[in-house]
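Me: Please take a close look at one part of this model for me. I would like the contact between the two chains, with some background on one partner.

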Amino acid sequence: MSAWSFYISTLVVYFAVDLLSGVAINVQYGYAGVVNLALIVFQSFGAYIAAATTLGPGTGAGAFQQYIFGANLPYPIPLLLATLGGAALAAVVGLFSLRRMRRDYQGAVLLIVSLIALQVVTGDVPLFNGSNGLTGVPKPLGWLNLGLQSYQWAYAVWSSSSQALSTPVSATSRGLTGAARCGRCATRRTPPSRSVSTRPC
Amino acid sequence: MLDTLLSAVVFGVVLASIIAIAAMGFTIQFGLTNVLNLAYGGVMTIGGYAAYLAVAHGISAWYGLVLGAVAGSVVMLAVGHGLLRRFATRGTKVFEMMMVTLGLGLVIDYSLQAISRNNISQFTVLQSAPLHLGPVTVTPTQVIVTAIGLAIFLGLEALLRMTRIGKALRAMAADPSLARACGIKTRRIVIFTWLLSGALCGLAGVVYIINSQSIGYSTGELFLSLVIAAAILGGAGSPAGAVLAALLMGIVTQVVSAYGNASYSTAAGFGILVVVLLSRPSAVLTKGANEELALS
């Protein structure tokens, strides 16, 4: 029974995480028509920020893992920093990738961004421990002092409820991009589509 | 100090030759068919493996080059004419076609991973004593790689400008329906383009592994970002532009590698595309006026 409980709670956590990134790509692709093949870069950047701000000071060369920054901040500050970091990275990448260009060009440019990010992270080991990744990241709900199983379920509930946060975000973007769409489509040949989630403008 | 720079530039030209061979094939294919083919890296790896198998069976590396090109063109024809054309006739558009090639590239890559059992194999051919050209030391392999790149560029330019089929290819890249109206057999031109770009792709795969002396299932995929960046930077359908972009990116990559952090060298090469997109987007982006696929 406990194996099932562990299995299902793990699936729920993954489901919530993927749902959150799914909302992100739906806002980008569905509302704004941006083909973001580099979505995972922003997701991993947030994860790396959360890790580097909770793992404590990096112990330098010779330690079992090395990373930059290294702080020991309490939750939810790392989550906020991760969110801001993802947004900041998106602003930088958007500077050159959100030009008026063909969608397959844009997809290719963003795909290149993700390949380059992969090469930088795996090549520059002191940055985020290279291809081994970072382990031992403190648990956000560690203060609850729960056992393994109960923690899984607590985390599953918590990560699913963070979905509630994303609903106003997507509602706002729908309004914003709806306004922007009217301006943008006037200058494009493709007519605006009614079903925004399946056929982006 | 100056010697380091000179070596870095020479190595950059060698790297550029490899990028250029692949980017010339990519840009011809992209310029004519409008398919942004992300399976290109996978076909490059197939070409590399064809040469690897040939050499492993005792065939000369020179024939390996030819075999790699043949394997590349056969696979590319199967991909383009056998598969992508069917998607196009069912109404697949430019962006969806890119996603098809992305998936196809993954299928090729992971099939190669399964077949090669995730091994990275050594490929040491055409090795002999290094040559000392003043302050710069180069290996004969690097000279061969650069010579192949130059020969391919000159040959391709001659083909496109002097032969009938080359002129027809350029005409069709400029305007498919007008070319058809002029009596050009566009279907043949498309097949010829798949074969030609496939041959360049396979050849680039072989040349790449000759230079890096190893081959693995992800060889082409990791190299593809530079190739696409060079092709986009040089303008779709322009081999000369692709060569120029490849030279720029190759030299920047090697200079950054020599003076700075090697893990950022590829990122720096790509940085050129970013700078151009930021400063002169029209140079890159006006090329895509025509958004129709041309596959038959």
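Reply: The contact takes 21 residues from chain B and 19 residues from chain A. Two residues count as in contact if their C-beta atoms, placed from the backbone, lie within 7 Å. On the side of chain B that touches chain A, helix 4 (94-115), helix 9 (219-234), helix 11 (265-279) and helix 12 (281-285) of chain B each give two or more residues. Helix 11 of chain B supplies the largest share, 6 residues. By class, this side of chain B has 15 nonpolar, 5 polar and 1 charged residues. Here Ala, Val, Leu, Ile, Met, Phe, Trp, Tyr, Cys and Pro count as nonpolar, Asp, Glu, Lys and Arg as charged, and the others, Gly among them, as polar.

This is a predicted model: local features need pLDDT of at least 70, side-chain atom pairs count only at pLDDT 80 or more, and totals for chains, interfaces and linings use all residues. Residues are numbered from 1 along each chain as its sequence is written, while chains are lettered from A and ligands numbered from 1 in the order in which they are written.

Now the partner, chain A. Its pLDDT (the predictor's confidence in each residue, from 0 to 100) averages 77. Over residues 183-201 of chain A the pLDDT is below 50. Chain A has 7 helices and 0 strands. Helices (H or I, at least four residues) and strands (E, at least two) are DSSP runs, numbered from the N terminus. Helix 1 of chain A covers residues 2-31. Gly33(A) follows helix 1, with a positive phi near 75°.

How values were computed
The expected span of a helix is 1.5 Å times one less than its number of residues.
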